[in-house]
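Good morning, everyone. Please look at the sequence and the model on the screen, and keep both in view while I talk.

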Amino acid sequence: VLTTPAYGNPIDAPALGSTTNLDAGDDRITMAVIRNNQLWTCRPIGVNSSGGSSGVDRTGCEWLELDVTGATPSLLQTGRVYDPAASNPRFYFLPSIMVSGQGHVLMGFAGSKSTEFAGGYACGRLATDTLNTMGPVVTVKSGDASYQRLDSVNRNRWGDYSFTSLDPNDDMTLWTIQEYATSIGANIWGTWTTRLLAPAPMLVNPNGAGCEGQTGVGLA
């Protein structure tokens with residue numbers, strides 16, 4: 001049993017044109033991947049404007065990195081992605097996460113608020129970033145229309161999933177697949193796939209030069 005920071009239950013997400021809020025799911029883990037004995041995972045959670053568990057009024061995405069080298073896992077770092085706006089915050093939900101061979105991480109998720117159609121979003125961190133931090137949220141695909149499809153118990157279902165993956169051709173390029181509310185028809189979600197290239201390597205000797213047949217010339 002691992003202790004993680006306290007949180008609330010996810011809250012269904014408002015969206016422009018949706019009279020019933022989008023089903024944001026519950027607090028179950030939505031994706032997990034192990035790389036180099038580190039397990040990365042994520043889930044939707046309920047938080048307040050500072051990311052805490054008291055007075056929960058919005059949904060965000062929590063990510064965790066666990067060390068699973070031994071028989072007993074330990075928590076290495078964790079963070080929360082949420083909108084800190086005092087009013088009308090964007091809700092983030094249904095996250096997916098992946099780590100590259102370089103140790104860089106990408107998390108994709110859905111997002112919406114009362115003045116925006118439902119769309120896809122993402123954020124990430126480099127292996128060298130400060131622990132417990134993610135970079136800023138970016139828009140993968142803005143929603144184009146309203147969405148409302150109620151199931152038999154009146155839930156406004158929004159997928160249940162997103163997916164983020166690693167390109168097997170280079171072990172560096174990351175892909176995320178997110179839903180967005182599309183305008184091709186009434187109350188239909190579309191799928192948007194986004195590729196994020198690995199950052200270029202840092203050159204420690206960018207002015208270095210070498211001729212054909214020469215050895216021992218360092219550029220990176």
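Some ground rules. This is a predicted model, where local features need pLDDT of at least 70 and side-chain atom pairs count only at pLDDT 80 or more, while totals for chains, interfaces and linings use all residues. Residues are numbered from 1 along each chain as its sequence is written, and side-chain values use heavy atoms, with hydrogens and water left out.

Cysteines, then. A disulfide is a covalent bond between the sulfur atoms of two cysteines.

Cys-61 is buried, at 1%. Cys-123 is buried too, at 3%.

Next, salt bridges. The rule asks for a side-chain nitrogen of Lys or Arg within 4 Å of a carboxyl oxygen of Asp or Glu. The count comes to ten. I will show you some of them.

Start with Arg-28 and Asp-26. Their side chains meet in a salt bridge, 2.9 Å from N to O. Arg-28 is exposed, with 60% relative accessibility. Asp-26 is partly exposed, with 33%.

Now Glu-62. Its salt bridge partner is Arg-80, and the closest N and O atoms are 2.9 Å apart. Glu-62 lies in strand S3 (residues 58-67) and Arg-80 in strand S4 (residues 74-81), so this pair ties together parts that are 18 residues apart in sequence. A word on strands: they are DSSP runs of E with at least two residues, numbered from the N terminus, while helices are runs of H or I with at least four. Is Glu-62 buried or exposed? Buried, at 0% relative accessibility. The salt bridges go on from there: Arg-43, Glu-62 and Arg-80 are linked in a network.

One more pair. Arg-90 and Glu-116 meet in a salt bridge through their side chains, at 3.0 Å from N to O. Arg-90 lies in the loop between S4 and strand S5 (91-99), and Glu-116 is in strand S7 (residues 116-125), so the pair ties together parts 26 residues apart in sequence. Arg-90 is buried, at 17%. Glu-116 is partly exposed, at 21%.

On to rings. A pair of aromatic rings is described by the distance of the centres and the angle of the planes. Rings of Phe, Tyr and Trp (its six-membered ring) pair if their centres lie within 6.5 Å; planes under 30 degrees apart are stacked, over 60 edge-to-face, and the rest tilted. The count is five aromatic pairs. Trp-40 and Trp-63 have ring centres 6.1 Å apart and planes at 25 degrees, so the pair is stacked. It links distant parts of the chain, with Trp-40 in strand S2 (residues 38-47) and Trp-63 in strand S3, 23 residues apart. Both Trp-40 and Trp-63 are buried.

What kind of pair do Tyr-147 and Trp-158 form? An edge-to-face one, at 4.8 Å centre to centre with 85 degrees between the planes. Tyr-147 is buried at 4%, and Trp-158 is buried at 1%. There is also a cluster: ring pairs link Tyr-92, Phe-109 and Tyr-121.

Last, a sheet. Two strands pair if DSSP finds at least two bridges between them. S9 and strand S10 (residues 174-182) run antiparallel and are joined by four bridges. In S10, Thr-176 is the bridge partner of Thr-164.

That is my tour. Thank you.

Key:
Buried < 20%, exposed > 50% of the residue type's maximum accessible area, 1.4 Å probe, protein only.
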